[in-house]
Amino acid sequence: MNRGLLLRFENLVQLRGACWQLRVLSSREVFGAQWKPVQLSARPVGSLLLHPQLWPKHRLINAALPQCRHLATKEETKKKRKKIPLTRGEVEIRPKMTVEELAQAMGKDIDHIYEVLLYTDINLDSVEPDSVLREDHIKMIVQKSGMKYKSAKLKEEKERKNTDAVKRPPAEPAVLTPRPPVVTILGHVDHGKTTLLDSLRKTQVASMEAGGITQHIGAFIVHMPSGEKITFLDTPGHAAFSAMRARGTNVTDIVILVVAAEDGVMEQTIESIQHAKNAGVPLILAINKCDKPEADPERVKKELLAHDVVCEEFGGDVQAVNISALKGENLMVLAEATVALAEMLELKADATGLVEGTIIESRKDKGKGPLTTAIIQRGTLRKGCVLVAGKTWAKVRFLFDENGKAVDAASPGIPVEIMGWKESPSAGDEILEVESEQRAQEVVAWRTYVEQQEKMKKDLEVIEAKQKEHRLEYEKKQQKLAHLTWRQRKAVMYKADRHLMFSRPKERTEMDENTLSLVVKGDVDGSVEAILNILDSYDCEDECKLDIVYFGMGDISENDINLAEAFNGVIFGFSVKANESIKKLADKKGIKIKLHNIIYKLIEDLKDELNSRLPPTVVETTIGEASVLDTFSVTVGKNKIPVAGCRVHKGLLDRKMKFKLIRNRDVIWKGCLSSLKHHKDDVQVIKTGMDCGLSLDKNLEFSVGDEIICYEEKEVQQTTSWDPGF
């Protein structure tokens, strides 16, 4: 073989070896083997070195490296991505983290947190994404997820400076000036309080009220013939408005207790006396309706002795005036007694400086926005003043008197309606004037912050109590599984609770069919408060659950309709309106709107709505009774059927009705008859005094003396046992 052919053959062999090496390089990452030069059996290694110039080694490497680098870069990128997983990372934790915050810090979804919580004493039914976890649970979750934890460096929060508004120090006696007395009229419902005030003002207030019952606090100024002014507060006497009466007493100087001469001391009379005692306010007794034939003023005075109200004629200090508010008898005597007592009290106030007062009532007006009725107790209120009450503030735009007439100023002891509030404050809130709008915003921000802190504290107490309860349950479970190994115990607990993982807390909460959802709207804050106080007394959750989804002031709106639709609820409105478009929308969506002007009618309607949600009960009505006098059996085919010989001693037996068999006062069978005979004839009805033979649809043996009762079942609508107290 010539030399040229031999060289060509060697080159082919070397080329084959290079290709094989490239294949090995490309697959070494897959098989994990370290790359080595491949020795070919067809040619010894020495032959490759005889002619290095034909295929130099560095050229083989250079040819293979680009492919190798490309493959390594791709694989290393994947490898780097796999090495980043947060399961081997470090998690910054802090006390009181929520489930959602912990999941974000770990780079996990919330389901992962729920799965780990199965191994703790926490009840998953009470865990929401915003539920706060204990620090030991947070650490355990991180560790069980294969992570390490480190405590986050918490910034030391500086104690927030108190920026609340406070009352001014007491004024110097030299700057005090006389002010009108604030007189509150208290008493039982329908004892004539509003008629008395009506006669004093010479207006027809009583005729304008729904059902003749006062259902708001009314603040009025009465000008006496002698020139004195008296500010009267007319409070509701109905049982539902106890909070309003208490609020009226707290801002008053004198209480006029109205008692009907023919009725005497009643429930709200006693409550009114207690309100006056709690506030330390002197009483004047007005015995009303003395013009009636059955009136007995002396009986009223004696009944009041039992409640520590001692009139002057019995040696006490309470003035008693017999009046007839309807006919206007002795009203001037009552007014003079009020003025005389006010002079003895020497009522004075500081009419200078920043304003202080109390909100008597709060409401929303469609054109004017939030409005409040207030009694000014210090300073002089004018347009432009910046006021703070509760968690809202106002720049006074307009002031109105009790007749709706705009006024420029209101001095101490004068009731006034204030327009300009950002939001509606609550009745009973204290009014304080501040220097500027910025200062008002600081005060509101501070009060909101304090409320949030108190809420967080209460929530934490509830959470800790729940966790303690769940921990005790967990320990009991552990004790039951104490005989098992650690792995067996964990496996049993995991299997028992695993189904909870597949339903999130929001999905687990379902609306109970036997629930009445309410949207409550009222004309003023006090009315809504009274209704909510009544609903707070509801104690029949086992019959039908009561759920208040929203309450507020103002007329019925589209938002109220949408809320009621979402919760399948009913809208109750008190002294508010619903325009035609709202009524049409409600009819279209099938939403009930119940509007009332009298409090007890609203409660009656609410009870009817509760009754409609209760399932009907089955009532048994007895139609006839019979006694078993003898027993025998008849053969039908191959079967022996027991038959009872009976006599009807009350009512009748109707084969279409249901029957029950009573033995020794125990019901041992209920059902229908298979046969009813009289003298071997099949009959439908057996009347009183007749004998019959009957068999049941079940082969039961009869005994002499058994009772057969024929009855009818009827469905009757249940009524709620809730008693609102009036």
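These legends walk through several close-up views of a predicted model.

Residues are numbered from 1 along each chain as its sequence is written, and in this predicted model local features need pLDDT of at least 70, side-chain atom pairs count only at pLDDT 80 or more, and totals for chains, interfaces and linings use all residues. Side-chain values use heavy atoms, with hydrogens and water left out.

**Figure 1. The whole chain, to get your bearings.**
The protein chain holds 18 helices and 33 strands; both are DSSP runs numbered from the N terminus, with helices (H or I) of at least four residues and strands (E) of at least two. Of its 726 residues, 41% count as buried. Here buried means under 20% relative accessible area, exposed means over 50%, and partly exposed lies in between (1.4 Å probe, protein chains only). The accessible surface of the protein chain is about 41500 Å², and 51% of it belongs to carbon and sulfur atoms; areas come from the Shrake-Rupley method with a 1.4 Å probe, and for residues only the protein chains shown count as cover. Among contacts (heavy atoms within 4.5 Å) with a separation of 6 or more, 71% are between residues 24 or more positions apart.

A search of the whole structure finds three aromatic pairs. One of them is formed by tryptophan 446 and tyrosine 449, a tilted pair at 5.7 Å centre to centre with 40 degrees between the planes. To pair, rings of Phe, Tyr and Trp (its six-membered ring) need centres within 6.5 Å; planes under 30 degrees apart are stacked, over 60 edge-to-face, and the rest tilted. Both residues belong to helix H12 (residues 437–480), where three residues, about one turn of the helix, separate them. Tryptophan 446 and tyrosine 449 are both buried.

**Figure 2. Tyrosine 538 meets tryptophan 722.**
The ring centres of tyrosine 538 and tryptophan 722 are 5.3 Å apart and their planes stand at 75 degrees, so this pair is edge-to-face. It links distant parts of the chain, 184 residues apart: tyrosine 538 is in the loop between helix H15 (525–536) and strand E21 (545–553), while tryptophan 722 is in the segment after strand E33 (707–716). Tyrosine 538 is buried because its relative accessible area is 8%. Tryptophan 722 also counts as buried, at 1%.

**Figure 3. Two lysines over aromatic rings.**
Lysine 368 lies over the face of phenylalanine 400, at 4.2 Å from the ring centre. A charge sits over a ring if NZ of Lys or CZ of Arg is within 6 Å of the ring centre and within 35 degrees of the ring normal.

The whole structure has 32 salt bridges, each a side-chain nitrogen of Lys or Arg within 4 Å of a carboxyl oxygen of Asp or Glu. In one of these views, lysine 139 and glutamate 135 meet at 3.9 Å, N to O. They are four residues apart in helix H6 (residues 135–144), so about one helical turn separates them. Lysine 139 is partly exposed at 26% relative accessible area, and glutamate 135 is partly exposed at 34%. In helix H10 (residues 297–305), arginine 299 and glutamate 303 also lie four residues apart, about one turn of the helix, and their side chains form a salt bridge at 2.8 Å, N to O.

**Figure 4. A salt bridge between distant parts of the chain.**
The side chains of glutamate 430 and lysine 167 meet in a salt bridge at 3.2 Å, N to O. Glutamate 430 is in strand E19 (residues 430–434) and lysine 167 is in the loop between strand E2 (148–151) and strand E3 (176–178), 263 residues apart. Glutamate 430 is partly exposed, with a relative accessible area of 33%, and lysine 167 is partly exposed, with 47%.

**Figure 5. A salt-bridge network.**
Lys592, Lys594, Asp605, Glu609 and Arg613 are linked in a network of salt bridges.

**Figure 6. The surroundings of histidine 678.**
Histidine 678 is in strand E29 (residues 673–678). Setting aside neighbours within four places in sequence, histidine 678 is in contact with Val683, Ile686, Met690 and Asp691. Histidine 678 and methionine 690 are twelve residues apart in sequence, with 8.4 Å between their C-alpha atoms.
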